[in-house]
Amino acid sequence: MTATHLIDKLRELGLQGMADAAEHHATSTAYADLPFQDRLMHLLQAEAAWRDDRRLKRILKVARLKIPAAAEDIDYRPGRGLDRSQVSELMTCAWVSRREHLILTGATGTGKTHLACAFGGQAARHGLTVRYARTNQLLEDLAVAHQDGTIGKARATLARFDLLILDDFGLAPMTERGKQDLLDVIDARTRTASVLLAGQLPFNDWHAYIDNPMVADAILDRVATTSHRVQLSGESMRRLMSPRPG
């Protein structure tokens, strides 16, 4: 069997990573003297890397992250309130594996969305499924689902993600239906999956914002007991990063 036939057979079997690596082997002298086991291991590693990359792209596509942020992009300049050791620990995504929650708060422009998306991207790189949504938009979508009878399907879809990122929490008033829907979403993830809540509103003001004592107590009880908190501070990152006039 020629190298071309071998490569064609690998592609036919769906072993795209191995096929690409075998094609490279056939055109490079660097692998000519390697033992069979070493060449085979290289092909297997190439296939594993190809599948990991394909899975990551699929997870990121479904995640719908607002910003393609990464851990290495995080700005730790003084005044932001970011503890490098805390963020590094959170970037291991062990908290997601433990079904814990994360709360990011800070004023407008301090980088909450960027940081939330960095955590989402990192979770995806660990093979964890992610979904990003602005809180108000999610609640509006659930309200529509109530009307057209697809609420059960909508809830089931959200429940299957390992990490649900709810951005801009506290930005606009919630309807009574929205408050209950938020409780249902968080309750469905208690001890089964993680939530990342990001918003301007300080955590101590959440109870007053929800403005329904029973629902507020229930939401805060479910979130606060197993949550990590990051409080961003300092000047607006948009203002700091914008070009100065010449």
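**Buried residues, the parallel sheet and salt bridges**

Leu 220 has a relative accessible area of 16% and is therefore buried, a term that stands for under 20% relative accessible area, with exposed meaning over 50% and partly exposed in between (1.4 Å probe, protein chains only). The structure is a predicted model, in which local features need pLDDT of at least 70 and side-chain atom pairs count only at pLDDT 80 or more, while totals for chains, interfaces and linings use all residues. Residues are numbered from 1 along each chain as its sequence is written, and side-chain values use heavy atoms, with hydrogens and water left out.

Leu 220 belongs to helix 11 (residues 213-224), where helices (H or I, at least four residues) and strands (E, at least two) are DSSP runs numbered from the N terminus. Leaving aside residues up to four places away in sequence, Leu 220 is in contact (heavy atoms within 4.5 Å) with Phe 203, Trp 206, His 207, Ile 210 and Thr 225.

The sheet is open and consists of 5 strands in the order 2-3-4-1-5, with parallel pairing; two strands are taken as paired if DSSP finds at least two bridges between them. Strand 2 (130-134) and strand 5 are at the edges with a single partner strand each, so one side of each lacks a neighbour in the sheet. Direction ignored, neighbouring strands are turned by 15° against each other on average. Helix 7 (residues 135-148) packs on the sheet, where it touches strand 2 and strand 3, and its direction makes about 95° with that of strand 2; axes here are lines fitted to C-alpha atoms, for helices over the stretch in contact, and angles run from 0 to 180 degrees between N-to-C directions.

Within this sheet, strand 1 is joined to strand 5 (residues 227-231) by 5 bridges in the parallel sense, and Thr 105 has Gln 231 as its bridge partner in strand 5. Strand 1 also pairs in parallel with strand 4 (residues 194-199) over 4 bridges, with Leu 197 of strand 4 as the bridge partner of Ile 103. Strand 1 is mostly covered, as 5 of its 5 residues are buried: His 101, Ile 103 and Thr 105 lie on one side, and Leu 102 and Leu 104 on the other. Strand 4 is in turn joined to strand 3 (residues 163-167) by 4 parallel bridges, and Leu 164 stands opposite Val 195 in strand 4.

Glu 100 lies in the loop between helix 5 (94-97) and strand 1 (101-105), and it counts as buried because its relative accessibility is 17%. Residues touched by Glu 100 include Trp 95, Ser 194 and His 228. Glu 100 also forms a salt bridge with Arg 98, the closest N and O atoms being 2.9 Å apart; such a bridge is defined as a side-chain nitrogen of Lys or Arg within 4 Å of a carboxyl oxygen of Asp or Glu. Arg 98, at 44% relative accessibility, counts as partly exposed.

The whole structure contains 8 salt bridges, one of them between the side chains of Asp 181 and Arg 155 (3.7 Å, N to O). This pair links distant parts of the chain, with Asp 181 in helix 9 (residues 176-188) and Arg 155 in helix 8 (residues 151-159), 26 residues apart. Asp 181 counts as buried at 2% relative accessibility, whereas Arg 155 counts as partly exposed at 34%.
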